Amino acid sequence: MDSGPTFRQTLSTNLLTLTRFRDLLKLVEQNRPSDDLDLLRRAYDFSAHHHLRQVRMSGEPFLSHPLEVAYQLAEMKLDVICIATGLLHDILEDTEVTSEDLGGQFGAEILHLVEGLTKISRLDFSTSEAHQAENLRKMLLAMVDDIRVILVKLADRLHNMRTLHHLPAERQQAIARETMDIYAPLAHRLGMSKIRGELEDLAFSYLEPDACREIKQVLETKRRDSEAFLHEVASTIGAKMKEHDIDAAVESRLKRIYSVYQKLRRQRITLDQVYDLLAVRILTNSVKDCYGALGVIHNVWRPVPGRIKDFIAMPRPNLYQSLHTSVITHTGQSFEVQIRTHEMHRVAELGIAAHWKYKEGQSVGAVSGPADGKVAEAGKAPAPRPRETKPGTEDQRIAWLRQVVEWARETEDPGEFLSSLKIDLYPEEVYTFTPLGKVIILPREATAVDFAYAIHTEVGHACMGAKVNGRIVPLRYKLRNGDIVEILTRQGHTPSRDWLTFVKTSKARNKVRHWLNVAQRERAIEIGKRLVEKEARKYEVNLKKVTEETYLKVSQEYGCHKADDLLAGIGFGKFSARQVLIKLAPEPLKEQAAAEEPGKFAAIKKALGISRDGGAAIVVRGAGDLMVYRAKCCNPIRGEEIIGYITRGKGIAVHSRLCPNVANLLYERERQIEVEWARATQDSYAVKLVIQADDRPGMMRDLTSAISADDTDIRDIEAHPNEQDHTATMDLTIEITDTKHLERIVGAIRKVSGVHEVKRILKV
């Protein structure tokens with residue numbers, strides 16, 4: 001029986017948390033002197049009372065967590081409503097306080113925010129792709145309703161990541177993966193680089209501990225020399241700025257660990273080749289001084305060609321602004337210089353939180369309306385909405401969110417939604433121009449078709465060619481920074497299915513898919529109608545005698561809502577025209593056709609050389625004798641998520657959900673079909689791995705020993721040494737029974753000394 005906390009426990013909790021709360025009040029009073037601090041006192045007392053008996057896994061009082069969340073929000077200079085929400089954000093989830101209690105104590109606005117946070121905290125992003133996509137949709141809708149929900153959630157996640165070492169290893173991995181996949185990209189898209197950087201580094205330390213430790217050790221060995229070098233550089237810059245009457249503050253830093261890891265992996269370079277490993281930041285009072293400082297820097301040190309970027313004239317989509325240049329000293333040491341105003345720096349660090357203000361008691365527009373179009377629930381007053389103090393600024397920063405929410409409602413395929421969202425959350429930008437000088441910002445490797453759809457949907461549909469810098473280029477041409485693009489259109493021209501193989505933006509991909517879906521569906525309905533009519537002529541059935549009610553009834557038997565859906569299914573090859581006619585035709589015809597069908601079906605299968613399940617123990621969910629085979633482009637193995645696609649004449653091709661062809665094949669939704677792994681078998685699958693490793697004596701022996709120790713057969717192995725950096729690339733084909741087997745082998749290979757990277761190649 002719980003006798004409650006002792007006097008000593010209560011006193012200790014009060015002393016620890018009360019001191020931190022006083023720090024919080026001082027910070028809020030300093031940043032926002034006109035705000036109502038009494039609201040924070042009431043929120044603290046309420047939270048302290050209801051969380052009193054609770055402790056965290058670390059043994060600290062639970063109240064320490066909401067206090068740290070609130071402190072993070074106060075550091076962002078957010079309003080007291082938002083900070084009070086931070087103090088109360090776990091109340092509904094972790095105590096017996098009801099929504100009515102909370103609303104009665106603190107009003108509709110705080111209740112609205114806490115309920116939004118409670119809904120987000122219950123979302124599980126480690127589930128199947130379909131559930132993950134649905135949960136992401138719910139989070140985006142909560143953000144749309146009030147952006148402060150995600151600001152509090154990011155502060156909550158940051159403190160949880162800082163204290164993650166107290167949780168079991170399995171929970172550490174799950175939370176770190178969720179942070180890296182969802183919350184860090186969201187912080188990046190909202191321009192909150194300070195939170196994003198810390199979230200990435202913390203998550204990286206749990207997801208790739210060996211790589212993190214290795215980079216840390218290398219950086220640590222260089223730290224003393226690096227800090228001395230940066231101190232000298234900062235002193236030189238400070239003196240030069242004074243010489244040119246530029247009032248500037250100079251800061252220095254080492255590149256973040258995860259950022260170093262990304263660059264090493266992406267560019268396959270050594271640490272010595274990272275130009276921006278060391279960086280200096282110059283903060284000025286005006287844009288004019290920023291460009292003046294850039295000139296001073298280039299007069300002192302030689303700039304690295306191609307490394308000068310002007311994000312002041314052309315801000316990033318998250319409104320980040322700065323001048324970037326990399327320079328080399330006379331000793332050959334390179335470093336990066338970032339130049340921006342103090343205000344630009346605040347926006348770069350805090351992003352959307354830098355200028356977001358709130359007017360209490362005033363209902364103003366949020367990012368967009370609620371998903372269901374309702375203003376408020378019955379009996380509840382609508383929560384006040386945030387008002388932005390600089391018209392257009394924050395709207396521009398979260399314009400992407402409106403677009404995401406729009407196509408999130410339209411997109412049914414979870415894989416398509418997740419892949420598009422990933423591109424939208426973490427874009428690497430290319431800055432292009434229209435002939436009139438308008439800047440169009442696109443993801444790296446975007447094409448002329450992406451540019452066309454960025455201008456307007458109709459321009460994209462009618463796009464038949466493009467000129468880049470005055471020269472005709474193919475539509476799949478990858479645009480580069482500074483390209484001037486002119487789109488050539490023709491009335492009546494329509495999108496091509498091939499475009500799906502090279503477009504990069506979610507807008508272009510979704511618009512092309514939508515057009516193809518509509519066009520292909522109309523064609524499928526026409527083909528389905530012809531096939532039914534052909535069978536009717538063969539059996540002398542008068543289709544004019546078939547009533548609409550009969551058509552509708554038969555359609556519903558096939559899971560279709562109307563006759564057109566059934567005809568489309570026939571046109572796509574999902575349903576047999578003869579079997580449909582049997583259900584529509586008189587009884588004698590049913591018997592005749594049914595007697596003919598089994599033999600004919602077996603003959604077709606024999607002629608095609610395809611077995612019932614392709615020898616891979618895959619079956620169509622809810623169906624029996626259908627031809628199924630594993631697609632050669634990805635060779636799915638047991639345990640992977642799979643998806644079926646109805647081909648014309650070959651049966652059902654089964655692809656891995658990770659197959660790069662899935663996104664391009666499955667735009668015709670009617671041809672998708674659910675498949676699943678059937679009974680357990682001893683089938684093995686050929687899987688190809690590519691290993692990047694040091695080229696050292698005994699490497700091949702150690703690799704083969706690690707693989708054979710798990711009773712795994714090696715079908716083929718080939719090594720390609722690289723004499724320049726003393727590494728080697730090894731192509732390895734092995735026999736695998738399922739995904740767990742593959743994970744064991746990959747884990748064993750990664751433990752071999754000198755192995756840098758292991759990748760599975762889908763096509764064998």
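Predicted model: local features only at pLDDT ≥ 70, side-chain atom pairs only at ≥ 80, totals over all residues.
Let's start with helix α21, which spans residues 548–557 and buries Y551, V554 and S555. These three sit on the same side of α21 because they cover an arc of only 105° around the axis. The face turned away from that buried side is where you will find the exposed residues E549 and K553.

What do the buried residues of α21 pack against? Their partners are three helices: α20 (506–538), α22 (563–571) and α23 (577–584). If you follow the chain on, just after α21 you come to G559, which takes a positive phi of about 80°.

**An open antiparallel sheet**

Now for the strands. An open sheet is formed by 4 strands with antiparallel pairing, and reading across gives the order β21-β22-β20-β23. At the edges are β21 and β23, each of which pairs on one side only. From one strand to the next, the twist averages 20°.

| Strand | Residues |
|---|---|
| β21 | residues 714–722 |
| β22 | residues 727–736 |
| β23 | residues 755–761 |

How many bridges join β21 to β22? There are 8 bridges between these two strands, which run antiparallel. For a handy landmark in your viewer, look for D716, which stands opposite T733 in β22.

Terms used
Residues numbered from 1 in each chain as written. Heavy atoms only, no water. Buried < 20%, exposed > 50% of the residue type's maximum accessible area, 1.4 Å probe, protein only. Arc of directions from axis to C-beta. Contact = heavy atoms within 4.5 Å. Pairing = 2+ DSSP bridges. Axes fitted to C-alpha atoms, helices over the stretch in contact; angles between N-to-C directions.
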